Amino acid sequence: MHTQEIIEHLRESLSVILDREIPEFSADTLILEDLGLDSMRFVELVMSLEDTLGVEVDPETLENDVFRTAGSLADYVQRQLAPVGGQA
């Protein structure tokens with residue numbers, strides 16, 4: 001799965017979690033600041049990624065830089081998927 005596909009998946013998941021459309025969403029979107037995502041909704045997002053993409057999110061590796069932007073979170077997801085799919 002490519003980074004742009006993951007970013008689109010994040011946009012769709014966040015639209016459901018936040019119960020609103022997110023028309024302007026890119027790799028540079030600040031997840032917490034731009035979207036107003038609180039910690040509870042962030043947990044929902046992580047659970048959604050685990051359920052829909054089959055990625056295992058290790059809380060030990062989730063530093064602030066990982067979920068700062070949609071692009072940094074997409075990169076993290078892509079790295080987590082790489083061992084499963086065998087490609088990045």
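Colleague: Let's start in the core. Which residues does Leu 73 touch, not counting residues up to four places away in sequence?

Modeller: In this predicted model, Leu 73 touches Leu 10, Ile 31, Leu 45, Leu 49, Val 66 and Phe 67. Leu 73 is also one of the residues that touch the most other members of the largest nonpolar core, along with Leu 10, Phe 25, Leu 45 and Leu 49. That core has 26 residues.

Colleague: Which elements give two or more residues to this core?

Modeller: Those elements are α1 (3-18), α2 (31-35), α3 (39-53) and α4 (70-85).

Colleague: What makes Phe 42 and Phe 67 an aromatic pair, and why is the pair called tilted?

Modeller: Their ring centres are 4.6 Å apart, and the limit for pairing is 6.5 Å. The structure holds one aromatic pair, and both Phe 42 and Phe 67 are buried.

Colleague: Which parts does the pair tie together?

Modeller: Phe 42 belongs to helix α3 and Phe 67 to the loop between α3 and α4, so the pair joins parts that are 25 residues apart in sequence.

Colleague: How do you know what length α1 should span?

Modeller: Helix α1 has 16 residues, and at 1.5 Å a residue it should span 22 Å. Its end C-alpha atoms are 22 Å apart, which agrees.

Colleague: What makes Glu 8 and Arg 11 a salt bridge?

Modeller: Their closest N and O atoms are 2.6 Å apart, and the cut-off is 4 Å, so the pair qualifies. The two residues are three apart in helix α1, which means that about one helical turn separates them. Glu 8 is partly exposed at 31%, whereas Arg 11 is buried at 19%.

Colleague: How many salt bridges does the structure hold?

Modeller: Two. In the other one, Glu 33 pairs with Arg 68, with the closest N and O atoms 3.9 Å apart; the limit is 4 Å, so this pair qualifies as well. The pair links distant parts of the chain, Glu 33 in helix α2 and Arg 68 in the loop between α3 and α4, 35 residues apart. Arg 68 has 45% relative accessibility, which lies between 20% and 50%, so Arg 68 counts as partly exposed.

Colleague: Last one, on helix α4, where Gln 78 is found. Which backbone oxygen does the side chain of Gln 78 reach?

Modeller: The side chain of Gln 78 reaches the backbone oxygen of Met 1 at 3.1 Å. The cut-off for a polar contact is 3.5 Å, so that distance is within the limit. Gln 78 has a relative accessible area of 15%, and since buried means under 20%, Gln 78 is therefore buried.

Technical notes: Residues are numbered from 1 along each chain as its sequence is written. This is a predicted model: local features need pLDDT of at least 70, side-chain atom pairs count only at pLDDT 80 or more; totals for chains, interfaces and linings use all residues. Side-chain values use heavy atoms; hydrogens and water are left out. A nonpolar core is a set of buried Ala, Val, Leu, Ile, Met, Phe, Trp, Tyr and Cys residues joined through side-chain atoms within 4.5 Å. Buried means under 20% relative accessible area, exposed over 50%, partly exposed in between (1.4 Å probe, protein chains only). Helices (H or I, at least four residues) and strands (E, at least two) are DSSP runs, numbered from the N terminus. Contact means heavy atoms within 4.5 Å. Rings of Phe, Tyr and Trp (its six-membered ring) pair if their centres lie within 6.5 Å; planes under 30 degrees apart count as stacked, over 60 as edge-to-face and the rest as tilted. A polar contact is a pair of N or O atoms within 3.5 Å; within protein, one must be able to donate a hydrogen and the other to accept it, and residues adjacent in sequence count only if both atoms are side-chain atoms. The expected span of a helix is 1.5 Å times one less than its number of residues. A salt bridge is a side-chain nitrogen of Lys or Arg within 4 Å of a carboxyl oxygen of Asp or Glu.
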